[in-house]
Structure formats: C-alpha cells, structure tokens
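I opened this entry to keep track of what I looked up, and in what order. The structure goes in first.

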Amino acid sequence: MNQSWTRHHILSLANFSEVEYDTVLQTASSFREVLSHGTKKVPPLQGQVVANLFFEPSTRTRSSFELSAKRLSADILNFTPGSSSLSKGETILDTAKTYLAMGADIMVIRHKQAGVPAAIAREMDRLQTGVSILNAGDGQHEHPSQALLDLFTICSFLDSDRPRLEVLKGKKIAIVGDILHSRVARSNIWSLSAAGVDLHLAGPPTLLPEYFADMGNVTLHWHLEPALQDADFVMTLRLQKERMTSNLLPSLREYHQRYGITRDRLKICHPDVGILHPGPVNRGVELSSDLMDDPRLSLISQQVTSGVAIRMALLYLLGTRK
Amino acid sequence: MNQSWTRHHILSLANFSEVEYDTVLQTASSFREVLSHGTKKVPPLQGQVVANLFFEPSTRTRSSFELSAKRLSADILNFTPGSSSLSKGETILDTAKTYLAMGADIMVIRHKQAGVPAAIAREMDRLQTGVSILNAGDGQHEHPSQALLDLFTICSFLDSDRPRLEVLKGKKIAIVGDILHSRVARSNIWSLSAAGVDLHLAGPPTLLPEYFADMGNVTLHWHLEPALQDADFVMTLRLQKERMTSNLLPSLREYHQRYGITRDRLKICHPDVGILHPGPVNRGVELSSDLMDDPRLSLISQQVTSGVAIRMALLYLLGTRK
Amino acid sequence: MNQSWTRHHILSLANFSEVEYDTVLQTASSFREVLSHGTKKVPPLQGQVVANLFFEPSTRTRSSFELSAKRLSADILNFTPGSSSLSKGETILDTAKTYLAMGADIMVIRHKQAGVPAAIAREMDRLQTGVSILNAGDGQHEHPSQALLDLFTICSFLDSDRPRLEVLKGKKIAIVGDILHSRVARSNIWSLSAAGVDLHLAGPPTLLPEYFADMGNVTLHWHLEPALQDADFVMTLRLQKERMTSNLLPSLREYHQRYGITRDRLKICHPDVGILHPGPVNRGVELSSDLMDDPRLSLISQQVTSGVAIRMALLYLLGTRK
C-alpha cells in the first residue's frame, strides 16, 4: 500500500497531489477498520523512535500523536520545553540534532514560529539523515495533520466505506472565523481547493483580509449568511481571546452575535449540514453550546477520533517509506 | 474471577458491598502473588488506553496508576494541566470527551473539586460510551483507591494469604488528624465501617466537627488518648500546612504535641499496632520521624506497595468487566 | 558477559577499575553493534522498572536514559519535581523510598546538590533493597555516564571495533573552560587519568583553582595555547552564563577571545584532533559555530549517540548483575 508514497516530510499541504490525499485517506481508513475490530496495536513501527518536539505546548495534539505512535508500536520521546535546555541557550536546530543523534526516526514538531519544521527538515536533508519531519503546527503557517483529519472526517461522512477526495467535488464548505491567524484554515484551504470544493470564507474584515482571495478558488464574505447558504459543511475556527486586546475584534458577545454558529443560523444550510471545530471550543463564542453537543450536527468528536487514524496513517507512510 | 464484577465506575466507597470489597482484595492479592514470582507484566489490558487526567497534580498517585496500567500491558496517556488547553477555556467535560474520542477505555481522574469524576461518569453513561471512570481523589470528597490500599494493607497484615473484610471485624482503628478536609478519611470511614471495625476519629475540634458522628458507627475524640487505647491500627492523615493560615490550627509544634503520634504515645495501643499514613509525611508533625522509619510499627511503605496491587486490581476489574 | 560485574551503584568514577571501564566500553560497543543492524529493542530488562528521579530538570539527559531503558524493554517512571510532593514537604529520601515501595529496580538520579545519589544509595543498601542507583549528575560533584560516553566516543574514534582503555595511553587531551563548577570535568579527570592520558586543564584562574593539580597526573594552564599544543582531543565544557554575574568571568566575548575554540586555534593540535562538548553548546562562546558543525572536527553528535549505548550498558550491567 505504501509503495507509491515518496514524500519524505509533511510540512505543508500547498503542493499535495490528489494521489497523496487519497493515499492518506485510504491508509487512515484501513487503520480505522483495524481498530474497530478490536486490534488496538499493529507492529509496523516497532522499535522506531518518534520524537515529539512541542516547542509550543499542546496537550490534545501531543496526546493524539503519542497514541497514534503507540498503536503503531513505536517508542516515543517527549520533549517538553519547560524543563528544557532551550532556556540554557540551545538553538532549535541543535535540539533537533540532539534527538537525531539519539536515534529519532520521525520528529513531530510544533513551534509558534512559522517555518521552523521546514528549517529542521532542510537541515535533516542536508545532513542526509533519512529522518522525517511532521509539522504539527507552525505559527500562522500550516497544520497539515489537522486539515487531513478534517478532510477524513467529511469524506467519511459522505462515504464512510471509501473516503476519497472526489466525494467532495462541488460541495459547498464555509470556513468561519479568524482566518487571518489560523494555520488550520490555511491548510484546509489547500486541501479543500484540491478537492474541488466550492469554498467560502467568512469573518470580520480585520480577521479576513482580501488577499486570502489569492489562495485559490475561494469566495470571501464579511457577513455570515451568504457563506452558510446551502453549505454542506461549516468549519468553525478557534477564536484566540488575545485578539480582543489587540483591537482586532469587538467583544466576544458581539463576535458571537455576528459570526457565531447557532441552530437558528444553520436553517439556511443544506439539511444534512455538519459542523466542525479543531478544538478546544469556546462554548457560546464560535458556536452555541447546544449545537456542539448535538450528535446530528456536530462532527467534533469524529474529528478527534479521525485524528488518531490520520496520524497513524502519516506516521506509517513516513516510517515505512523507502 | 471477574464474572461477579458489575460496577462500571469507582467513584465512592459509600455503597460498596462486602462482595465488592472482597473481590478487590482477592484480585489485588492475586496480582501481588504474580508479581512476587518475578512476572512483572500480565496481558489483560493489552491495547486498552488508560487516560490519567490529573487536573490536580500528584506525582506519587499518578506514578502508581501509571505503573499499574503498564503492568497490565495497557497504553497510558497522561494529561498534564500545566500545558493544557484548559488554560484556553476548554471545560473539564470537553477535555474528557476529547480523550473519549481518542479512544480512552478507562479514565483516572483527580480534581480539586468534589464531584468532578462523578460528573464525567454521568456524561460518559449518558453518551453510552462504555468508558469507566476511576476517582483518584476529588476535593474533600473521596479517594477510593487510597482507602482500598489501606484496607488491603491492614487485611494483609492480619492474614497475608487471604486478605478479606471479615478479618477486621471488631478490631479497633483510630483515624487521627485533619478529618474535616480529608478525602482519604471519608473513604476510609466507609470501608472500615463496612468491615465492622470499631472506628475512632481523633483530632482538634476545628478539624473534626461533630457531624462526622453521623457517618456511621464511629466515636469522636478531641483528645488523642482514648482513641489510641488498645487500638490495632492508627491511621494518620496528612496535615495541609495551609490550614494554619486559616486559623484552624495553632502551630505545627503544638499540633504535634497534642495529636502527633510518637513511640511513647503508642504504648497504650495493642502491642502489635501498625501505623499508616497516606503520604507524603511531614516528619515530626503527624508522626515522629523515628516511628516512620521503624519497620516494626510503620506500614507506610507497605501502603505504597499495596497501591500498585490495588490499582492493578481496580483497572483489571473495570477493564475486563462486560 | 555480565558475570564479572559486581558494582551495585554507579555514583562516581573515582574508584573505577580498568576492568570496569573496559566492561562498560565493551558492553556499549555490543549494543551499538546490535542497534546498527536494525534491532532496536532487546529484552534483558523486560518488566524491570527504571525510575528517573530528576530533581534538577534536564531534557536531553532524561530522554537519553529514557530511550536507553526502553531499548532494553524496561518500564520507565518519570518523576517530575514541578508537580511533585516535594513542594508538599516530602524529603528526598522519602521520595526515593516511595519509588522503591512501588517496585523500582533502578533509580537514575539527578540533583543540584552533590552527594544526593550517594545518600540514597546508602539508604537503599541499609534497607537491603537490592535497588541500584545511577548518578545522572549531582551538583558540582560527578556525572559518570557523561564521562563514560565521552570515553566511549574517543576510544571508538581511535578503534571503532574494539574501544578500550589502553588505546588512550599517552594521548594528549585538553579539558577547557569552567573546570571549577563542572561535574563533567571531575568525572572525566578520573576516567582519563585511569587511561593513562596526558591530561591538561585550561581555563581562567577564577574557574581553574590550583588545587585541581591534586586530582592526579594533570597539568594546569591559565593560557590556552600550551594545552592545545599537539592535543589529540579537546574537551570543551559548557559555560554557565550565571558565572558572569558572580564576577568570576569577564564578558562572554572576552571569554571567547581567550578560551573559545576556533578553527584557527586548532592548528597547533594534532592534525586529527577531535572536539567534544557535553551540550548544550553556547555557539560562539565555548567554540565557534562553524567548528561545531564541522563533522571532521566535531564529535558532539557522536557523543549524543554514544550516550544511548553507554546508558544501555550501564542499565544492563546494573539490572542483570546478581
């Protein structure tokens, strides 16, 4: 299954091919199938070392990668910046090279600065190490595994047996919220554009600058309604409360009134609309609390479950490639 | 062995049955037996995921659960509140649901607020998830695994081959110290009452209100001597130093003079008296330092060892039930 | 292979015998051999519990021990002082005894105070526990596993097939920097003296007091050049920036000008000179940045790789002894 996979690092979805998307979706689907039959562990990465270098802390994403790696029988090393030698003046590249020298096979990297995973990948290639880098979120740049788990969630919603890119062709999807600062939105725009989705972005002008129209075949809206009209899926984004203080936003309440997703607002969507959110949700801000808990509308817990299958797929494809 | 076990969550000992106590004791005894013969790992929870959600940090209890889970071949996910999305505004229930969606089979939960594990258990049941919740300490409410390891320690002291509830019938046990704020004391009162113990509580009036007499067949003492007279076991409780500042206590020295356990004070106990403490001990406060280190009197290290066997038993009973 | 090993704890290299050094080197060499053939895990410590008690935090050393233990199939318990009961007043010995009672077989201990690992070892022996203590750095006293990985790195550099003490006989090695505060330097002085190395220490007078001459057959230099002249290896030490504030040092720039290792300065060394540093490096202070990245001169990444093999060897020798 892995013979066609040639990509060494997963840093961005900007240049992912349709074949790559479908390979990831199909591999994740196989792992989900295996897990659903009670087999909780598979051996392909036995003895391989996955180093989680989370320079920016994150419990849920780290746990998801950790569990995925364990289910593939890999060994995990967690780097925790709090108690780290970074405070002693070590550079990020030197930290990565330390884990390389210890024997890491795959490094999963999160950093608050865009481009750090790519810089480490370049260095690993320059040194001809064979180590694979997986971007687990870099600044406001990209978060490929999140966009791939979103993709897996919605493709599975439409065809659970054979989730694949083409089932999304012509579907209308709205991404709502703080597009400007969202690495999740950026990665989603790449994957959903590649799938031929009719993609609509909605948010306040301060958080949705016009230049996003250049990213591809997307339509921008500063009002919510035209984005939601007949939408098949609504992807909400986490609102960083810090944005308030920098005057990019009015109050949380006003944000919710203008851009918050509620049961009422969804009436103009497709009747089977599904709501996504990368989590953690600010209940009553990005979406109303009752909506989040409605299993007929909310795909949020499916996203988390998809996360393990997708991350198993990515680690597997990187770890068995060669 | 597990056919009789029907309890889905372990939240409180308030309504534990005699059969349940004996099943736990017997299961723990089997695991202790296995471990003592050099077999360090057993396979029953292979591939199951135990999520340690310690919203209130605790190294010793978390390590004990972690080792217990590893010895049952489970995979462990540690949630660490410091680097968590809780600071990002996620609710506790949403955190639990995230670990549910990742695939957790058992959640071990500690929280500084009473009732949190029960609330999560209700939500897991409402969602028909099959996930088991194990209360690892909630506020001043309960700490069932600690009381069960205390029970296992003293029953094993009396009959190491067949630790069971009935060996405690009619024994005199004193619980000494800050009863008011102790979740350990509350859980112990339930289990020791169920065993038919002659139970005596002793402490300063500010830390031992009269309403504790309502919890069952217990005798309250504001002086230490009558509680210790002929006692078979003395359970000391950890004194939170914060209590001083809230004027509930005089100085530590005065506390030790009035309620601290010393070799001298034990002379009026049963000659084979055993001393317990849930740890960590403030040496020279709850009990004198030399007493703590006397293997003839102190059962403290047996308690820690019992902790691994008891937690293996609890995880096993929850994880293999169905 | 392990029949000759009798040492119970590894606390200091002060009284290591030649046979012990060679056993460690040979065992590490075997593990490196095994790892290089794709076998990533070996079973000798299956079910044994290695407790990492890092009272002083350290990501790289802890990760190295953790990976070494995993590759020997041991279970690991990590004690993290931040969220610990130490803040609740527990003594260090009580913490160690708690992990003992849980079932730890080997304790790897780092503490900012010299002598803590030895104190714990004495207590473990007094209690006849059979537990082994491995000093992972105590104050300014010793850091034996670091010195042994340095030894393994340079012996392997000289004879990669059979790294052994005698290949170092008569070689000239310079240790440069803050000797006074370095536990790494102290352990290195013991091992390199035992190997019959022509050992030279260089550093500013404030960081290299004359009494170091008493440690054995070493030559002290307050200027760099005579130490580097014809040196086969140059071991640089990490400079703690805190030293500036205590007036032990001029500026970092002046330090680099006088004692920093640069390509230019190495011209007077042996043509095949190798540079070591225990990491993390302050680039441009202890050594120039380009030197650190030159694989022909820098042995720094070999040191990290050696660390895993050496720590596997030490854990193996302690864990299979008896």
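In which helix of chain A is the place of Leu228(A)? I found Leu228(A) in α7, residues 225-228 of chain A; helices here are DSSP runs of H or I of at least four residues, and strands are runs of E of at least two, numbered from the N terminus.

I noted the ground rules next. This is a predicted model, in which local features need pLDDT of at least 70, side-chain atom pairs count only at pLDDT 80 or more, and totals for chains, interfaces and linings use all residues. Residues are numbered from 1 along each chain as its sequence is written, while chains are lettered from A and ligands numbered from 1 in the order in which they are written.

Is Leu228(A) buried or exposed? I put Leu228(A) down as buried because 23 other C-beta atoms lie within 10 Å (buried means 20 or more, exposed 12 or fewer, partly exposed in between, with C-beta atoms placed from the backbone). Beyond its neighbours within four places in sequence, Leu228(A) has contacts that include Ala174(A), Val234(A) and Cys269(A); a contact means C-beta atoms, placed from the backbone, within 7 Å.

I then turned to the copies.

Last, I checked the A–C contact. There, 20 residues of chain A meet 19 residues of chain C. On the chain A side, α3(A) gives the most, with 5 residues.

Technical notes:
Two residues are in contact if their C-beta atoms, placed from the backbone, lie within 7 Å.
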